[in-house]
Amino acid sequence: MTERVKNRPLNKRKLLRKTLFTAAMALVFGLIACVTFLALEPIVESWLYPQEAMDKVEIPQDTQEMLPEDMLVHEDSMLEQTEEVINTLKNEMQMNPATYQELYESIYVLTKDMEPSMVTVTSVTQDVDWLNDPYESKGQTTGFLLADNNRELMILVMTKELKSGEELRVTFVDGAQAQASIKGRDEETGLAVLAVQKEDMADVTLEAIEFISLGRTLGISLMGKPVIALGRPLGNQNSVVFGMITSEDAVLSLTDANYKLMTTDIYGSTEATGLLVDMNGQVVGIINQSFNNKTSPNLISAIEITELKAVLQRMSNGLKNSCLGIKGTDVPSEIVESQKVPQGAYVTGIVMDSPAMAAGIQSGDVIVEMGDTQIRSFKDYTEAVRKKNPGETIEMVVMRQGQQAYREVKLEVVVGELN
């Protein structure tokens with residue numbers, strides 16, 4: 001007798017169930033592994049390749065005007081320096097062609113010292129021609145190294161040189177190149193700040209560059225001071241022109257802020273951009289030809305640097321520009337006394353469809369309080385707005401003229417974003 005063991009018949013349904021179970025478990029395992037990797041990858045990467053913490057960019061603000069006694073000391077000092085220069089010219093120098101050459105060469109040396117702070121920004125736009133063949137169009141402008149937050153370099157440029165969708169390449173003083181992105185922009189002043197990742201740059205380049213030094217213009221008269229226009233004052237790249245400041249009384253009334261506009265005797269391009277630098281190598285103004293008088297469109301003008309420092313700081317930190325949509329001025333002290341107008345920020349105009357218009361603020365109102373802040377001037381109002389972020393609500397107190405006298409009106413304004 002022969003015994004034969006017969007295999008149990010294959011249960012296809014059970015095999016299919018096991019196969020599906022194994023596949024499901026593999027899928028679950030894969031998902032868990034994927035989620036775990038995504039969650040731990042930043043931690044492991046930061047442990048293996050630690051990065052410098054990103055610091056907040058701080059640009060010192062000129063918040064205190066010079067006292068009258070300080071102004072007298074400053075004027076006396078300038079008078080003494082002027083007399084000393086005149087005596088030197090009379091007694092020790094003979095004004096001849098060689099002297100003028102030496103004078104201009106010494107000024108040009110200062111411009112060479114600024115070169116490590118200057119970069120070339122190339123904007124590259126991809127397009128197609130009539131035959132549908134791709135090509136690149138390029139434009140160049142001069143930028144200036146503004147600040148460093150440990151991870152990025154901030155570069156100051158004009159917004160009109162930038163267009164959306166462009167690739168931005170920055171060339172530094174040693175010829176090294178890096179990609180840049182827009183950190184912040186302000187259409188009111190025509191300025192923008194670009195960011196370049198420091199990890200994309202070689203150490204030799206980081207050692208070669210320098211940052212511009214922002215001067216002080218608040219409470220100091222710049223009339224007659226010699227200045228150098230750097231950047232593109234003549235419309236072409238890296239041009240340099242010398243001259244002096246001829247006026248500084250014009251006031252630009254822009255949205256939520258007023259700026260002082262300086263003019264010079266420098267003849268340049270109507271499309272000029274760049275900086276005005278004093279003889280100490282400090283920036284006193286940012287060239288902007290948009291507000292030039294029609295009778296002198298080619299004379300170089302610039303917005304004084306003091307009022308722009310807060311704008312540059314917000315852009316360097318990637319903060320959005322807050323906006324209420326008010327144009328205004330100070331109430332002169334003699335008007336406060338003679339016409340009994342409240343002291344504060346006098347509203348001269350409201351931007352259409354702005355948060356101020358939506359809240360019911362009117363031309364002729366005098367803003368006296370914003371939250372817990374007392375408003376004594378339009379500068380106080382500007383600083384209060386810049387401390388807020390879009391979306392925040394501000395409780396405001398304005399004085400509105402009635403038939404007999406000014407009356408108090410309380411309003412709530414939702415801060416908007418300046419486009």
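Trainee: In this predicted model, is E152 buried or exposed?

Mentor: The relative accessibility of E152 is 8%. The cut-off for burial is under 20%, so E152 counts as buried.

Trainee: Which residue does the side chain of E152 meet in a salt bridge?

Mentor: Side chains of opposite charge can pair when their charged atoms come close. For E152 the N to O distance is 2.9 Å, and the rule asks for within 4 Å. The partner is K183.

Trainee: How many residues apart are E152 and K183?

Mentor: E152 lies in strand 3 (residues 152-158), and K183 lies in strand 5 (residues 177-186). The pair therefore links distant parts of the chain. The separation is 31 residues.

Trainee: What relative accessibility does K183 have?

Mentor: K183 counts as partly exposed, a class that starts where buried, under 20%, ends. Its value is 22%.

Trainee: What is the N to O distance in the salt bridge of K112 and E115?

Mentor: K112 is partly exposed at 38%, and E115 is partly exposed at 33%. Their side chains meet in a salt bridge with an N to O distance of 2.8 Å.

Trainee: How many salt bridges does the rule count?

Mentor: Another pair is E167 and R169, at 3.1 Å from N to O. E167 is partly exposed, with 28% relative accessibility. By the rule, the count of salt bridges is 9.

Trainee: Which residues does T111 touch, not counting those up to four places away in sequence?

Mentor: T111 sits in helix 3 (residues 97-113). At 4% relative accessibility, T111 is buried. With that exclusion, the residues T111 touches are I228, L230, V240 and F242.

Notes
Residues numbered from 1 in each chain as written. Predicted model: local features only at pLDDT ≥ 70, side-chain atom pairs only at ≥ 80, totals over all residues. Heavy atoms only, no water. Helix = DSSP H or I, 4+ residues; strand = E, 2+ residues; numbered from the N terminus. Buried < 20%, exposed > 50% of the residue type's maximum accessible area, 1.4 Å probe, protein only. Contact = heavy atoms within 4.5 Å.
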